[in-house]
Amino acid sequence: MTTKGQPGRVIRIDDETWADFGRLCEEKGIARATDIRMYVVREVAAWRKQQEPEAPKRKFVRRPAPKSD
């Protein structure tokens, strides 16, 4: 467990990419872990949305306008 109550994860990334990712995140003003979490959350949310069955289309019935005499 990390100090924020979330389990830690291990990923494998080459040193050069990790260093450049660190510089990128520094420019963005966020931590690498935060950037990775935001990416994963966005991807999972999009995937979950795709998994939902499509809502049935609603039929709209036009009613004739009332006749004015």
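The protein chain carries 16 positive and 11 negative side chains, and the centres of the two sets are 14 Å apart. Lys and Arg count as positive and Asp and Glu as negative, with His and the chain ends not counted; each charge is placed at NZ of Lys, CZ of Arg, CG of Asp or CD of Glu.

## Basis of the model

This is a predicted model, in which local features need pLDDT of at least 70 and side-chain atom pairs count only at pLDDT 80 or more, while totals for chains, interfaces and linings use all residues. Residues are numbered from 1 along each chain as its sequence is written, and side-chain values use heavy atoms, with hydrogens and water left out.

## Overall form

The C-alpha trace of the protein chain spans about 80 × 25 × 25 Å along its principal axes. Buried residues (under 20% relative accessible area; exposed is over 50%, partly exposed in between, with a 1.4 Å probe and protein chains only) account for 6% of the 69 residues.

## Salt bridges

The structure holds two salt bridges, each defined as a side-chain nitrogen of Lys or Arg within 4 Å of a carboxyl oxygen of Asp or Glu. In one, the closest N and O atoms of Asp 20 and Arg 23 are 2.3 Å apart. Asp 20 is partly exposed, at 38% relative accessible area.

In the other, Asp 35 meets Lys 28 at 2.7 Å, N to O. Asp 35 is buried, with a relative accessible area of 11%, whereas Lys 28 is partly exposed at 45%.
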